[in-house]
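Subject: Structure handover

Hello,

Here is the structure for you to look over. My notes follow below it.

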Amino acid sequence: MRITGGIWRSRAIKAPKGMTTRPTSDRVREALFSMLAADGVVGGSSTPRVLDLYAGSGALAFEALSRGASRAVLVEHGRDAIGAIRDNARALDAAARVELVTTKVERAVAQLQGPFDLIFADPPYADVRTPPFAAILEGIARILGPEGTFVLEHSSNDDAPVIAALEFDRSREYGDTTLSLYRCS
């Protein structure tokens, strides 16, 4: 895996060992950040505060930092993924701009203080269809800033969920992965 743009462009990052995480592919990350740059969310003079839920390797947060984000909070509870995030932060000399929260997402979302300008969530695809995930989405809406963007990665077999306090913006499909973007309503 590599960072696809910004100051760390082409720098390699580690993915956690095993099959418990499904890192966002370089191609999908590049497409996502092209959309976000076109919307003015990253790049230029934008320096968003980022939250990366289900962080895995931290690729989405590190990509955002590479493209000008000021700080990133990464939430992950898997031991191998936590190790990969720490290794990647050290390798990119980004530890001062990264806060790692080592707990389950549902706990973190209930406790984190916003606002965040950009929130990523890349949960296990099956979780998106469960009632407990709806509570996580409500928590995300609570901590997203008034001009913020929320990006949900989910299965292309599923529709983008309705989130009461957020307005659905658009979805883009990349094989079995769909990126759905939301804004404050």
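Which residues does S180 touch, not counting residues up to four places away in sequence? They are F150, V151, L152, H154, A160, F168, R170 and S171. Please keep in mind that this is a predicted model.

S180 sits in strand β7, which spans residues 177-184. Is S180 buried or exposed? Its relative accessible area is 0%, so S180 is buried, the cut-off being under 20%. Two of the residues it touches also make polar contacts with its side chain. The side chain of H154 is one partner, at 2.7 Å. The side chain of S171 is the other, at 2.6 Å.

L152 is also among the residues touched by S180. L152 belongs to strand β5, residues 144-155. Its relative accessible area is 0%, so L152 is buried. Leaving out residues up to four places away in sequence, L152 touches A121, P123, V128, F133, P161, T178, L179, S180 and Y182. L152 and F120 are 32 residues apart along the chain, yet their C-alpha atoms are separated by 6.1 Å.

**Nonpolar cores**

In soluble globular proteins, nonpolar side chains tend to be buried together. Here the largest nonpolar core has 32 residues. Which of its residues touch the most other members? They are L32, L36, F62 and F120. The elements giving two or more residues to this core are α1 (26-38), α2 (59-66), β2 (71-75), α3 (79-91), β4 (116-121) and β7. The largest share comes from α2, with six residues.

F62 is worth a look in the viewer. Setting aside neighbours within four places in sequence, F62 is in contact with I3, W8, S57, I85, N88, A89, L92, A94 and V98. There is also a second, separate core of 26 residues. Its members include L112, F116, I136 and I163.

**Helix α5**

I136 comes up again in α5 (131-143). Which residues of α5 are buried? F133, I136, L137, G139, I140, A141 and I143 are. What covers these buried residues includes β1 (49-53), α4, β4, β5 and β6 (166-174).

**The largest pocket**

Rolling a probe the size of a water molecule over the atoms shows where empty space is left. How much space lies in the largest pocket? It holds about 600 Å³. The pocket is lined by 33 residues, and the closest to its centre are Y54, E76, D122, P123 and P124. P123 is also one of the residues that L152 touches. Helices α2, α3, α4 (105-111) and α5 (131-143) each supply at least two lining residues.

**Before α1**

G5 lies in the segment before α1. Its relative accessible area is 4%, under the 20% cut-off, so G5 is buried. Beyond residues up to four places away in sequence, G5 touches E63, S66 and R67. G5 and A135 are 130 residues apart in sequence, and 33 Å apart in space from C-alpha to C-alpha.

S10 lies in the segment before α1 as well. Its relative accessible area is 46%, so S10 counts as partly exposed.

**Backbone points to check**

Most residues other than glycine have a negative phi, and most peptide bonds are trans.

- S10 is not a glycine, but has a positive phi of about 75°.
- D93 is not a glycine either, and has a positive phi of about 55°. D93 is placed in the loop between α3 and β3 (98-101). Its relative accessibility is 72%, over the 50% cut-off, so D93 counts as exposed.
- The peptide bond from G114 to P115 is cis, with omega near 0°. P115 lies in the loop between α4 and β4.

Over to you.

Best wishes

Methods
Residues numbered from 1 in each chain as written. Predicted model: local features only at pLDDT ≥ 70, side-chain atom pairs only at ≥ 80, totals over all residues. Heavy atoms only, no water. Helix = DSSP H or I, 4+ residues; strand = E, 2+ residues; numbered from the N terminus. Buried < 20%, exposed > 50% of the residue type's maximum accessible area, 1.4 Å probe, protein only. Polar contact = N/O pair within 3.5 Å; in protein donor to acceptor, adjacent residues only side chain to side chain. Contact = heavy atoms within 4.5 Å. Core = buried A, V, L, I, M, F, W, Y, C linked by side-chain atoms within 4.5 Å. 1 Å grid on protein atoms, 1.4 Å probe; cavity = no way out; pocket = protein on both sides within 12 Å on 5 of 7 lines; lining within 4 Å. Points joined across faces, edges and corners; volume = space filled by probe spheres on them.
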